Amino acid sequence: MQRSTGLLLATVLTTGLGLSATACGASEPATPAPGGAAPVTITVACQPAKSAPKERRAWDDDVAAFMRAHPGVTVKSTDQQPCFDPKTFGPKLAGGQMETAFVVPVTTYDDVIGKGQALDITQHVGLIKNWNDLRPDVRELVTKDGRVYGVPNVHYGVGLVYNRKLFTQAGLNPDTPPTTWAEIREAAKRIAALGPGHVGYGEYSGGNTGGWHFTQALYGRGGSVVADDGKKAAFNSPEGRAVLQTLHDMRWTDDSMGSRLLVGWESLMMAMGGGKVGMMLGAPDVVTDVVNKFKGNVADYGITGFPEARASLSGGEAFMINPKATPEQAKAALQWLDFRYNTVGKGRFDFARGKTLGNPVGVPDNDVYGDSPTGKAIQAGREENATLPVQNYAPYVRAAAAVPPKAEPPHAQELYAILDVVMSGVLSRRDADPGKLLADAEAKADALLAAKG
């Protein structure tokens, strides 16, 4: 799920598809196309919000540079944050009003491709110059029957993000973060005891993010959301009850989770950026977003391995092209994706620029290129321009290599919405019965899975 992303991200609209878009990324008309070719207008994802002015300016600079290098192409940007919004994605997709290049979470690839809502870009993958260096497993996810329908953009595994400054203030050693849930619970109590407004452990309860984080914790304990055959829910299990009981005890017995329900993605990230939340589950890009978008202090955050992990939620996203795009629009959109998201030293991989902007360069996030030559070059640039001590993330790097990845469940967004109710219930009611919450959710999930066939 985007997170970041963030994991997790933003979305983009295309005037070429009859949409009203905010043209923040195209401050002047494109240079005329060479040879009298017809001009092309596209919209592109993920312009940073106005609340992140330096990153937004860097984005706009990239748009301008791309347009200079591609005469005749006009790029328009929107700044929806995050890029993928489950509330608007389905209606826009069903209504044929998607962007030229739009963000799709990995759990939705098959559905979008199967319904013909993504353009077959097989003949155009050469426009992504480092295509063959992308990890084969993530490329396979956007391939169906030998045809390619997307450009992988994000791949992540979950760990424990924590505030090193709060650990120190609470008398905890930030260089030896928790490795068990019992240690997390004890650390959370000590951080909450620092005073009003301090939250030892932050968690979501709605906006599909509650169910998403429940899934993360469930996988870590060795459980599953859906049975192997995909026909029945599997979360009403000892592992599922252990997840909820731990959260219930932290919320109501320890009083270490605060009293305010955190619903959507932004709520917990904003609280983490405020400097009073001690820990949360998340991929490394949480640090990037907390610092860039929510004004967290770059030196305060560390990442460690998933506690007692038997598996770690592995997710990601890809860019897909609207099937209504003209061949010229599709080509231009893929050239933009190559420039902004897949070129060493440019766009999102311009770590030297990120350093000048004060970005948290050095976070070991987004492993779409793996150990390929491109991946090694990206990592070298990241380390060369690091703005924070990379040792803060060493526990995550060591642990992640030993934890098996586990993909999000089928029909993830619908299931996460059902599981939101479970998370909200246990975090908002002292008398909540974890077993009953899971049984009620199981009935709804089984009905959903039956309807999906």
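Q: Which residues does serine 314 touch, not counting residues up to four places away in sequence?
A: Serine 314 touches His155, Tyr156, Pro405, Lys406, Ala407 and Glu408 once residues up to four places away in sequence are set aside. Contact here means heavy atoms within 4.5 Å.

Q: What kind of model is this, and how are residues numbered?
A: It is a predicted model, in which local features need pLDDT of at least 70, side-chain atom pairs count only at pLDDT 80 or more, and totals for chains, interfaces and linings use all residues. Residues are numbered from 1 along each chain as its sequence is written, and side-chain values use heavy atoms, with hydrogens and water left out.

Q: Where is serine 314 found?
A: Serine 314 is found in strand β11, residues 312–321. Helices (H or I, at least four residues) and strands (E, at least two) are DSSP runs, numbered from the N terminus.

Q: Is serine 314 buried or exposed?
A: Serine 314 counts as buried because its relative accessibility is 12%. Buried means under 20% relative accessible area, exposed over 50%, and partly exposed in between (1.4 Å probe, protein chains only).

Q: Changing topic: how many salt bridges does the structure hold?
A: The structure holds 15 salt bridges. A salt bridge is a side-chain nitrogen of Lys or Arg within 4 Å of a carboxyl oxygen of Asp or Glu.

Q: What does lysine 129 pair with?
A: The side chain of lysine 129 meets that of aspartate 338 in a salt bridge, at 2.7 Å from N to O. Lysine 129 lies in the loop between α3 (109–114) and α4 (136–141), and aspartate 338 in helix α11 (residues 327–341), so the pair ties together parts that are 209 residues apart in sequence. Lysine 129 counts as exposed at 66% relative accessibility, while aspartate 338 is buried with a relative accessible area of 4%.

Q: And arginine 185, what does that meet?
A: Arginine 185 and aspartate 249 meet through their side chains in a salt bridge of 3.9 Å, N to O. This pair links distant parts of the chain, with arginine 185 in helix α6 (residues 181–192) and aspartate 249 in helix α8, 64 residues apart. Arginine 185 is partly exposed at 25% relative accessibility, and aspartate 249 is buried at 18%.

Q: Which residues are linked in a network of salt bridges?
A: Asp62, Arg340, Asp350 and Arg353 are linked in such a network.

Q: Back to α8, what covers its buried residues?
A: The cover includes α6, β8 (199–201), α7, α15 and α16. Among the buried residues of α8 are Val243, Leu247, Asp249 and Trp252.

Q: What follows α8?
A: Aspartate 255 follows α8, and its phi is positive, near 55 degrees. Serine 256 lies in the loop between α8 and α9 (265–273). With a relative accessible area of 0%, serine 256 is buried. Leaving aside neighbours within four places in sequence, serine 256 is in contact with residues including Ala188, Gly200, Tyr201 and Met250.

Q: What about α16: which of its residues are buried?
A: In α16, Pro434, Leu437, Leu438, Ala441, Ala445, Asp446, Leu448 and Leu449 are buried. They cover an arc of only 165 degrees around the axis, which puts them on the same side of α16; the arc is that of the directions from the helix axis to the C-beta atoms. On the other side of α16, Ala443, Lys444, Ala450 and Ala451 are exposed. What covers the buried residues of α16 includes α7 (209–220), α8 (238–253) and α15 (412–428).

Q: What comes at the start of α16, and what follows α16?
A: At the start, a side-chain oxygen of aspartate 433 reaches to within 2.9 Å of the backbone nitrogen of glycine 435. Glycine 453 follows α16, with a positive phi near 80 degrees.

Q: Last topic: how many residues has the largest nonpolar core?
A: The largest nonpolar core has 72 residues, and those with the most contacts inside it are Tyr201, Phe214, Phe235 and Met279. α15 gives the most to this core, with 9 residues. A second, separate core of 53 residues includes Ile113, Val148, Met320 and Ala333. A nonpolar core is a set of buried Ala, Val, Leu, Ile, Met, Phe, Trp, Tyr and Cys residues joined through side-chain atoms within 4.5 Å.

How values were computed:
A polar contact is a pair of N or O atoms within 3.5 Å; within protein, one must be able to donate a hydrogen and the other to accept it, and residues adjacent in sequence count only if both atoms are side-chain atoms.
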